[in-house]
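Here is a friendly walk through one chain, from its overall build down to a few single residues. Have the viewer open as you read.

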Amino acid sequence: MSINRERMVQEFISLVSIDSQPLKERQVADALLKIMQDMGLEAFEDGIAKQIGGDTGNIIAKVKGTLPKKPVVAFAAHLDRVSPGLGIKPQIRDEIIYSDGTTILAADDLAGVVQMLEAVRVLKEQNIPHGDVELLFTVSEESGMLGAKNLDRSLLKADVCYFLDGLGDVGAIINQAPSQDKLKIKITGRPAHAGLSPEKGISAIQVAAEAINNMNLGRIDGETTCNIGTIKGGLATNIVPELVEIMAEVRSRNEAKLQTQVKHMIDGFEAAAVKWGATADIAVHKSYPALNVAADDPAVLWALQAVRSIGITPRLEATGGGSDGNILAGKGLTSLVLSVGMEKVHSKDEYIKIEQLVKGAELLLAIIQQVATS
Ligand SMILES: [Zn+2]
């Protein structure tokens, strides 16, 4: 494999120097489209920009395989970045790329973008036999994963997608990330004068207290957690409280367990409300679905083999946070997250070692080769 290190560094520096932010990825997207056109890749932008209130849609490129009937593998990275991410002036010291200290670096997630581009270039230059490969560049990941959420899954033929958005040295494969549901519970009782006629009132606070007291909370099992985060209610000591509002969350790496816990909480609030003659209005909102791929899934095995083949000991990991990978997993696409070598992301201290940037591209090439020999 001959990754062109200088070419990667130049491309990385050029792309991070172009401004981008959630809903405003136009400039970096245009630069990327131009690069892919020059590479002879078929690329297009989907039509979601308007829908999400941004100036850019997701970008998809297809690399036609030279081998028939192989699984289709996709790689994905996001084009937006957190703030302060405008006017980035990258600097290289001791083979490490930093910002000038006044902004982030945006290795999150242009490291992933550059690794994808380099892997495909080398694939073509060296005439390496491969199946179909797809490249996905999402928008507004950092502000609610809007690009991924609005992506039409049918635009991708992929059987598996590797999201190049993980922290730390190349070699981590994240196959488990939790799903999260948020619950907003409104308990309505009946107000009354606390001194003159408390028996005419229904205390929403007592209803909530009883419900919560009977609930399983905290760590439910090895995959599931639950928290009552806020509780607000009541007006004064001389009024039986009419209203209580509670905000809670449930996370689990197992969707069925998550739903069981959510139902347990809904049932608990409703039972207490019925007992006291109050009402409970409960709204459940899915923040993101789970990402959970079995350790013996071919997608994991390809990645494990590929990491070993470039001389690194692979690390199979679970995480407690959500990403674009969760969203696509929720759309039925086998999704894994790979570390790309970026460090201290979302801070002005963000950096990436050039060696890691290069390793990441090597890994993608190795994955494509693993899939080709499957
Ligand atoms: Zn990211």
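## Overall build

The chain carries 10 helices and 17 strands; helices (H or I, at least four residues) and strands (E, at least two) are DSSP runs, numbered from the N terminus. This is a predicted model, in which local features need pLDDT of at least 70 and side-chain atom pairs count only at pLDDT 80 or more, while totals for chains, interfaces and linings use all residues. Residues are numbered from 1 along each chain as its sequence is written.

Along the principal axes, the C-alpha atoms fill a box of roughly 85 × 45 × 40 Å. Of the 374 residues, 47% count as buried. Burial here is a neighbour count: a residue is buried if 20 or more other C-beta atoms lie within 10 Å of its own, exposed if 12 or fewer, and partly exposed in between, with C-beta atoms placed from the backbone. Among contacts between residues at least 6 apart in sequence, 77% join residues at least 24 apart.

## Two domains

The domain assignment gives domain 1 (5-177 + 290-372) and domain 2 (179-288); such bounds come from an automatic or database domain assignment. Taken over C-alpha atoms, the centres of domain 1 and domain 2 are separated by 41 Å. Domain 1 gives 9 residues to the contact and domain 2 gives 8 residues.

On the side of domain 1 that touches domain 2, β8 (172-177) and α9 (324-330) are the elements that give two or more residues. That side has 5 nonpolar, 4 polar and no charged residues. In this scheme Ala, Val, Leu, Ile, Met, Phe, Trp, Tyr, Cys and Pro count as nonpolar, Asp, Glu, Lys and Arg as charged, and the others, Gly among them, as polar.

## Strand β8 and its partners

Strand β8 is largely enclosed by the rest of the structure, because 6 of its 6 residues are buried. With strand β15 (residues 315-318), β8 pairs in the parallel sense over 4 bridges; two strands pair if DSSP finds at least two bridges between them. In that pairing Q176 stands opposite A318.

Two further partners run antiparallel to β8: β16, joined by 2 bridges, and strand β14 (residues 291-292), also joined by 2 bridges. I173 stands opposite L338 in β16, while Q176 stands opposite N292 in β14.

## Helix α4

Helix α4 (residues 107-125) has 19 residues and should span 27 Å at 1.5 Å a residue, which agrees with the 25 Å between its end C-alpha atoms. The expected span is 1.5 Å times one less than the number of residues. Of the 19 residues of α4, 17 are buried, so the helix is mostly covered. Just after α4, N127 takes a positive phi of about 50°.

## Two residues to look at

T334 lies in strand β16 (residues 334-343). Is T334 buried or exposed? T334 is buried, because 21 other C-beta atoms lie within 10 Å. Leaving aside neighbours within four places in sequence, T334 is in contact with D159, V160, V293, D297 and A299.

L23 sits in the loop between α1 (5-16) and α2 (26-38). With 18 other C-beta atoms within 10 Å, L23 is partly exposed. L23 and G54 are 31 residues apart along the chain, with their C-alpha atoms separated by 4.0 Å. Beyond neighbours within four places in sequence, the contacts of L23 are I52, G53, G54, D55 and S140.

Notes: Two residues are in contact if their C-beta atoms, placed from the backbone, lie within 7 Å.
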